[in-house]
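Me: I'm new to this one. Can you walk me through a few parts of it?

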Amino acid sequence: MRTIILGGTRFIGRAIVEELSGAGHELLIVHRGQLEPEGLPEAQHLHADRMDLGLHRALLAAFEPDGAVDCRALTRADSEAVITALPDNIRLVVISSIDVYRAFGALNDDRETDPVPLDEDSPVRPGRYPYRGQAPGMDDYDKLDVEDVYLPRGATSLRLPMVYGERDYQRREEFILRRIRAGRKRIPVGAGTWLACRGYVRDVARGARLALESSIAAGHVLNLYEDRTYSMGMWSRMILDASGSDAELVRVADDLLPEDLKPTGTMTQHIAASARKARAMLGWTTSDPLATLQTTVAWHLANPPPDPGQDFTADEKALAGG
């Protein structure tokens, strides 16, 4: 296939580029950067802001794409800018999020509304714009708006969980790894009972390829989640084991937890979900989480963030009982 990738230079997008290239797709990567990140597979590049894509409609058509994957549609405007610029009658895949579900909204509001596992028929949030006024640049963010634009065009929407893996710029294991790097031997944790589903980035990329190559997935919403959901307590211990650390996780009162360790405490709404539909429709499978977490932790230990954070005053206070 000849495939356009929108936002294919970081983490999930990059993994999708690598997956598609390895499967023989010819790629045109559309991104804002003026340079191509080192190590990307060979591909054509279009450097453009998505809001200006209408100016490049002829170039996009000249590529003669069979399909497109949008990795960075965050708002309705983001989505409409792409849809109006791409040629008609091509396969479309858009990256969405588990945060469209009502349960995720309940979690943000410290409520419980839904049983788990969530599936594609679970209720979505009744309200829109969950981060309005809370995070810079996120006032208009809503994956429900994105789906409203893409699904009527026959796109496949892939609802993703917390995605982990190499090159994760959100560094989802950092709540443990920054303490390991600092040589901390005792790490305060809470009850650790929260169930939060995850997905390994290369498994997600394979799911995106399978959805793109499947005509029967057109117009469908698909969850892409691992088939086992680990509690935050168990996941924390797995990160320690993967790092080879002999640090101890020390149970403390939830109200004493440092801010970045709050998810190890008691959470009101579980976010476990099912990917049975994607498994049945696409034949999608997931890797062994023990192996993928090992790979992930090794990469992040070898590539620490510029400012890992070395103030552990809150840890000491929690460990001392307040």
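This is a predicted model: local features need pLDDT of at least 70, side-chain atom pairs count only at pLDDT 80 or more; totals for chains, interfaces and linings use all residues.

Me: Which residues of α5 are buried?

Reply: Lys-143, Leu-144, Asp-145, Val-146, Glu-147, Val-149 and Tyr-150. That is 7 of the 8 residues of α5, so the helix is largely enclosed by the rest of the structure.

Me: What happens at the start of α5?

Reply: Asp-142 reaches in there. One of its side-chain oxygens comes to within 2.8 Å of the backbone nitrogen of Leu-144.

Me: Back to the neighbours. At what angle do α3 and α5 pack?

Reply: About 25°, and their axes are 8 Å apart. Here α3 covers residues 76–85 and α5 covers residues 143–150.

Me: So why call them roughly parallel?

Reply: Angles under 35 degrees count as roughly parallel. The pair packs at about 25°, and α3 and α5 are therefore roughly parallel to each other.

Me: Is the crossing left-handed or right-handed?

Reply: The crossing of α3 and α5 is right-handed.

Me: Which residues make the contact?

Reply: From α3, they are Arg-76, Ser-79, Glu-80, Val-82 and Ile-83. From α5, they are Asp-145, Val-146, Asp-148, Val-149 and Tyr-150.

Me: How many are nonpolar, polar and charged?

Reply: The contact of α3 with α5 has 5 nonpolar residues, 1 polar and 4 charged.

Me: And which residues of α3 are buried?

Reply: Asp-78, Ser-79, Ala-81, Val-82, Ile-83 and Ala-85.

Me: What covers them?

Reply: The cover over the buried residues of α3 includes β1 (2–6), α2 (57–62), β4, β5 and α5.

Me: New topic. Where is Asn-223?

Reply: In strand β10. β10 is also one of the elements that the buried residues of α5 pack against.

Me: Is Asn-223 buried or exposed?

Reply: Asn-223 has 0% relative accessibility, so it counts as buried.

Me: What does its side chain pair with? I mean Asn-223.

Reply: The side chain of Asn-223 has a polar contact of 3.4 Å with the side chain of Tyr-225. A polar atom of the Asn-223 side chain also lies 3.1 Å from the backbone oxygen of Ser-274.

Me: What about Ile-216, buried or exposed?

Reply: Ile-216 counts as exposed, because its relative accessibility is 52%. The cut-off for exposed is over 50%. Ile-216 sits in the loop between α7 (201–213) and β10.

Me: How far is Ile-216 from Met-281?

Reply: In sequence, 65 residues. In space, Ile-216 and Met-281 are 7.7 Å apart, C-alpha to C-alpha.

Me: Last one. Where is His-25?

Reply: His-25 is in the loop between α1 (11–22) and β2 (26–31). With a relative accessible area of 7%, His-25 is buried.

Me: Which side chains does His-25 make polar contacts with?

Reply: One is the side chain of Thr-3, at 2.9 Å from His-25. Another is the side chain of Glu-213, at 2.8 Å from His-25.

Me: What else does His-25 touch?

Reply: Not counting residues up to four places away in sequence, His-25 touches Met-1, Leu-20, Arg-209 and Leu-212, along with Thr-3 and Glu-213.

Terms used
Residues are numbered from 1 along each chain as its sequence is written. Side-chain values use heavy atoms; hydrogens and water are left out. Axes are lines fitted to C-alpha atoms, for helices over the stretch in contact, and angles run from 0 to 180 degrees between N-to-C directions. Helices (H or I, at least four residues) and strands (E, at least two) are DSSP runs, numbered from the N terminus. Angles under 35 degrees count as roughly parallel, over 145 as roughly antiparallel, 65 to 115 as roughly perpendicular and the rest as oblique. A crossing is left-handed if the near helix is turned anticlockwise from the far one by less than a right angle, and right-handed if clockwise. Contact means heavy atoms within 4.5 Å. Ala, Val, Leu, Ile, Met, Phe, Trp, Tyr, Cys and Pro count as nonpolar, Asp, Glu, Lys and Arg as charged, and the others, Gly among them, as polar. Buried means under 20% relative accessible area, exposed over 50%, partly exposed in between (1.4 Å probe, protein chains only). A polar contact is a pair of N or O atoms within 3.5 Å; within protein, one must be able to donate a hydrogen and the other to accept it, and residues adjacent in sequence count only if both atoms are side-chain atoms.
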